[in-house]
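I opened the notebook to look up ring pairs and helix packing. The entries follow.

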Amino acid sequence: MKATVAVALAVFLIAVGIGHFLLPGYFRTLVPPWLGRAGLLVVAGGVAEIVVGAVILAPAGRAVGAWAAAALITGYLVCHLDALWRASGDRPRLLERPVGAALRLAVNLVYIGWAVTVARGAA
């Protein structure tokens, strides 16, 4: 069971990392304007997710990879908190409205919990 949960996390991270390259425009919209260099951050995030996912796939690297995943996803909270701060009910996109931004934040907290669960189970 532990291995299945870890492999699922790895595949998820690799798929999302690839998504950064297939749908860069979408991922750029998630980067707060004040961070700047959205294109570079999207590429860096995609590469990081692919690498971390690959590390998790190797049982010997599973704990380190999962802790790295938790840290990486925690770093993304800056974007989700910013979205919540800037959210407005009159925005056309759900992710830019208060409920959508709150859901983004909640989902990412679940992802962090998933990564921590894998890390603790692999140790």
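I count a residue as buried when its relative accessible area is under 20%, as exposed over 50%, and as partly exposed in between. The model I am reading is predicted.

Entry: aromatic pairs. I looked up the ring pairs and found three. I noted Phe12 with Trp114 as a tilted pair, with 5.4 Å centre to centre and 40 degrees between the planes. Phe12 sits in helix 1 and Trp114 in helix 5 (residues 98-122), so the pair links parts of the chain 102 residues apart. I then checked accessibility: Phe12 is partly exposed at 24%, and Trp114 is partly exposed at 23%.

Is Phe27 buried or exposed? I read a relative accessible area of 14%, so Phe27 is buried. Tyr26 has 39% and goes down as partly exposed. I also recorded a cluster in which ring pairs link Phe12, Tyr111 and Trp114.

Entry: helix packing. I took helix 1 (residues 2-22) and helix 4 (residues 62-86), whose axes come within 11 Å and cross at roughly 45 degrees. I therefore list the two helices, helix 1 and helix 4, as oblique to each other. The crossing of helix 1 past helix 4 is left-handed. On the helix 1 side I listed Ala3, Ala6, Val7, Leu13 and His20 in the contact, and on the helix 4 side Arg62, Ala69, Ile73 and Tyr76. By class I noted seven nonpolar residues, one polar and one charged in this contact.

Conventions: Residues are numbered from 1 along each chain as its sequence is written. This is a predicted model: local features need pLDDT of at least 70, side-chain atom pairs count only at pLDDT 80 or more; totals for chains, interfaces and linings use all residues. Side-chain values use heavy atoms; hydrogens and water are left out. Axes are lines fitted to C-alpha atoms, for helices over the stretch in contact, and angles run from 0 to 180 degrees between N-to-C directions. Helices (H or I, at least four residues) and strands (E, at least two) are DSSP runs, numbered from the N terminus. Angles under 35 degrees count as roughly parallel, over 145 as roughly antiparallel, 65 to 115 as roughly perpendicular and the rest as oblique. A crossing is left-handed if the near helix is turned anticlockwise from the far one by less than a right angle, and right-handed if clockwise. Contact means heavy atoms within 4.5 Å. Ala, Val, Leu, Ile, Met, Phe, Trp, Tyr, Cys and Pro count as nonpolar, Asp, Glu, Lys and Arg as charged, and the others, Gly among them, as polar. Rings of Phe, Tyr and Trp (its six-membered ring) pair if their centres lie within 6.5 Å; planes under 30 degrees apart count as stacked, over 60 as edge-to-face and the rest as tilted. Buried means under 20% relative accessible area, exposed over 50%, partly exposed in between (1.4 Å probe, protein chains only).
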